[in-house]
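Biologist: Before we turn to the model, could you take me through how its aromatic contacts should be read?

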Amino acid sequence: MIALYIALGALVVIVLYFKWLCSYWRRIGNIDGPAPLPIFGNGYEQITGAKHFGEIFGDIYRSYQTASWVGIHGLFNKPSIVVRDLELVKEILVGSFQHFNKNSFEVNESIDPLFSVNPFTQSGDLWKERRSQVVPVLSQTKIRSCFPIIKNVAENFVNYVTETRESSPDFEAKDICARFTIDSVASCVFGIDAESFTNPGSEFRRVGFELFNPNSALTAVRTLLTLFAPKLSLLLRLPFVPRHVDRWFRQLVNEVVRQRKEGKVKRQDLFQALYDSLTQNGVMDAKSDEIVGHSVTFLTEGFETSSTLMCYLLYELASNPHIQDRVLDEIDSVLKEYGGQLSDEAVNKLVYMERAMYETLRLHSPVFTLTKVCTKDFELPPQYSDGRGKQVTLKVGMPAVIPVHAIHLDPEIFPEPYQFDPDRFLDENRKARHRYSFLAFGEGPRICLGMKFGLAQSKVGIATLLSKYRVIQSSKQKLPLEMARQTFLLAPKDGVWVNFVERNSS
């Protein structure tokens, strides 16, 4: 009986403790925000799978129309804020970067030695070091040198569509675009053929898919813990990169290094640029974790987000034939100017298609939020522009959530936000908006390092495909289009289904 009383007493103490934690914003200044639940905070619907965390933050963003920021509670009732005011977004990403130089996506080096090499997961001096290793490799010059490699993969992409469509006319766009980006990254970064179009059992494709599988329960758990409970992830010793994937990449990269050292393979690709940079042009050996880790970084930067962009671009072009007509006319005009050849210079002239890509990223941003962790106490502005609300301090360790998806769909910023209109990204329209209203790549010192490579390969892949085919919606397409709720990055729940029609017969 005594044990029962002790257990009940402990339970009461725990409940009261979490209830007290739930009152943080009310206690320090009657800050407005949604009522949290003990332990779950404002993320109960994310835990149960009822909503994606991006949807939850979007609801909060829309519920406090006049607030500069909103007080919320994360998992285990950790105090956080959702940022609404774009000037405060600018301050967090750039002006006061020294107060917010850490992403919330936290991994431990002892558990995730490869993923911890990614600059995205680091902060402070280590972030600067990791970033300095990658930036020169992803320069515009290095990316342009990969154009012939990407073009060859794009031609394989079109050949696959041509050979498959007669027997199986319905294509799942995310699948075929992922095949393209996996092959592109494998060839540009590792100098190997991933065989995504020719080998149904392609190991490279399988391993890449395992990292981002939106329908995997394990992916959901890994994402949830890494984003919202990194300390629990450490306690459970659950890596973001599974052990067998870690081993597979180490074996692959070690073999690539061996072949390069022995002179069996000579290619001026991104892997060679990385290897030369890390080894000081071959004079000394690179640390194994660094070269393998950055190789995985290139995969994560170039594979998933690019295939997502391409997939949703095909969906929007199929849904908006008049816009697709303009894209096709531009491709035809540029190809005619360059003698029917899609050169690097020709791709740069596809300006309307590039605007369509940016509009796709606005409507379907692969990243739902940018979450920055406070690394130095920061004085928040009053919660309301009229001065209402007590001046409060965001303490070290507290996250500031920037709801990218909600900002991109704000009708005050983008009128008729669900309408697909590439002309929103004409120079004059860009300049008329707040610079920090489009955040698909982030902004400031921690802007996406793979942005240029991702856009370049996506442009080549789509332009090559649409030079031969028009894309239309498949009868298999489920509407409205829904997103998977278990993954960190945007993914279609039931796929994006399209057909391709030869342009000379349409």
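Biologist: Are F190 and F204 buried or exposed?

Modeller: Burial is judged by relative accessible area, under 20% being buried, over 50% exposed and anything in between partly exposed, with a 1.4 Å probe and protein chains only; by that test, both F190 and F204 are buried. This is a predicted model, in which local features need pLDDT of at least 70 and side-chain atom pairs count only at pLDDT 80 or more, whereas totals for chains, interfaces and linings use all residues. Residues are numbered from 1 along each chain as its sequence is written, and side-chain values use heavy atoms, with hydrogens and water left out.

Biologist: How should I read a ring pair?

Modeller: A pair of aromatic rings is described by the distance of the centres and the angle of the planes. Rings of Phe, Tyr and Trp (its six-membered ring) pair if their centres lie within 6.5 Å, and planes under 30 degrees apart count as stacked, over 60 as edge-to-face and the rest as tilted. The structure holds 24 aromatic pairs; among them, Y160 and F197 are tilted, with 5.3 Å centre to centre and 40 degrees between the planes. Y160 and F197 are buried too, and F190 with F204 makes an edge-to-face pair at 5.4 Å centre to centre and 65 degrees between the planes.

Biologist: Which residues do ring pairs link into a cluster?

Modeller: That cluster consists of F105, F115, F120 and F488.
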